[in-house]
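Please examine the sequence and the structure shown below.

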Amino acid sequence: MLDAASLPAERGPATRQIAAELETALGENPFRLPPKDVEVFLSDLEQLLRSELEEDWAGRADWKQKLDGFEMSRFLADWLEQLGATDPGRLIALRHELDTYREERRRWSLRQAEVEGAGEWFRSPLARGWFWLESVIGLPVALYGLLNQFAAGAVLFASGLLKKESKRDRRVEWALRAAVILGCYLAQLLLCAHWLGRATAGYYALTLPVSGAFLWRYRWLLRARTRLLLLTMRLPARAAAIAERRQRFIAELNAARDRYAEASPSVRSL
């Protein structure tokens, strides 16, 4: 490598200055991260550390200390900035882990807000119990309705009558759908009468519209009620998993920082 001190004196100070700058540039990592990216990571990391402290202090009885004026350790910031210049791959890995945690936390927050805004029914234990019961007991009925509507649904799908956008008039569209459904019902009743007799076919005819209507009801139930009830059961476990992920990330960060401090005895330890 070019050494500025080894240049002859007659080359002049300007030449030695250029050589020194070139030596410094050659010593830098060409893959170093832009300072702006490092600043963004430091800002996100500071928010993470604040959240960790807030949850830790919130769990302590009669703890009144606030996070006003909290700032990340200058040593930690200096180390991460140096890491971005000397080992950008390591810093990118830490950034990816932090982004993954933040995305999981964001999704959890959205689900939590969805549950909290569910409405009055969600705050009623009786209503929640009823929807749970309907979800469990109604499953066989919904499956029976799905079986009955399978032929009509297949024909509607194949013919394109299930598409929301169509050039035909809406009344014509619904008339065609009704004709297909009634035609499939009639075919199913004829087959039932042929195989099981007219009496059975009569009873079966009564179940066709009822099971079909309940199938649509059950579809709404799953989307508007059962899904939120399942979310309520999963959210605490998911919150614990996210908190554990954050703690693992902080522990990994601290371990890497400590290794750097041990390898650099001249730096100030925390």
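## A buried arginine

R245 lies in helix α7, which covers residues 198–263. The model discussed here is predicted. Is R245 buried or exposed? Its relative accessibility is 19%, and because buried means under 20% relative accessible area, R245 counts as buried.

Which residues does R245 touch, leaving aside its neighbours within four places in sequence? R245 is in contact with E97, T100, Y101 and E104. Helix α4 spans residues 88–116.

## The pair of helices α3 and α4

Helix α3 comprises residues 74–86, and it packs with helix α4 at an angle of about 120°. The axes of the two helices are 6 Å apart. The angle makes α3 oblique to α4, because angles of 65 to 115 degrees count as roughly perpendicular and only those over 145 as roughly antiparallel.

Both helices supply residues to this contact. From α3 come L80, L83, G84, A85 and T86, while α4 contributes P88, R90, L91 and L94.

## A nonpolar patch on the surface

Four residues, W130, L133, V136 and I137, form a nonpolar patch on the surface. Together they have about 430 Å² of accessible area.

Why does I137 count as exposed? Its relative accessible area is 52%, and exposed means over 50%.

## A partly exposed alanine

A178 lies in helix α6, formed by residues 170–196. With a relative accessibility of 37%, A178 counts as partly exposed, because this class lies between the limits of 20% for buried and 50% for exposed.

How far apart are A178 and A152 in sequence and in space? The two residues are separated by 26 residues in sequence, and the distance between them is 9.7 Å from C-alpha to C-alpha.

## The chain as a whole

The chain contains seven helices and zero strands. Read along the sequence, its pattern is α-α-α-α-α-α-α.

The chain has 270 residues, of which 30% count as buried. Among contacts in the chain with a separation of 6 or more, 69% are between residues 24 or more positions apart.

Key:
Residues numbered from 1 in each chain as written. Predicted model: local features only at pLDDT ≥ 70, side-chain atom pairs only at ≥ 80, totals over all residues. Heavy atoms only, no water. Patch = residues over 30% accessible without salt bridge, like charges linked within 9 Å, V, L, I, M, F, W, Y side chains within 5 Å. Areas by Shrake-Rupley, 256 points an atom, 1.4 Å probe, with all protein chains shown as cover. Salt bridge = Lys/Arg side-chain N within 4 Å of Asp/Glu carboxyl O. Buried < 20%, exposed > 50% of the residue type's maximum accessible area, 1.4 Å probe, protein only. Axes fitted to C-alpha atoms, helices over the stretch in contact; angles between N-to-C directions. Helix = DSSP H or I, 4+ residues; strand = E, 2+ residues; numbered from the N terminus. Parallel < 35°, antiparallel > 145°, perpendicular 65-115°, else oblique. Contact = heavy atoms within 4.5 Å.
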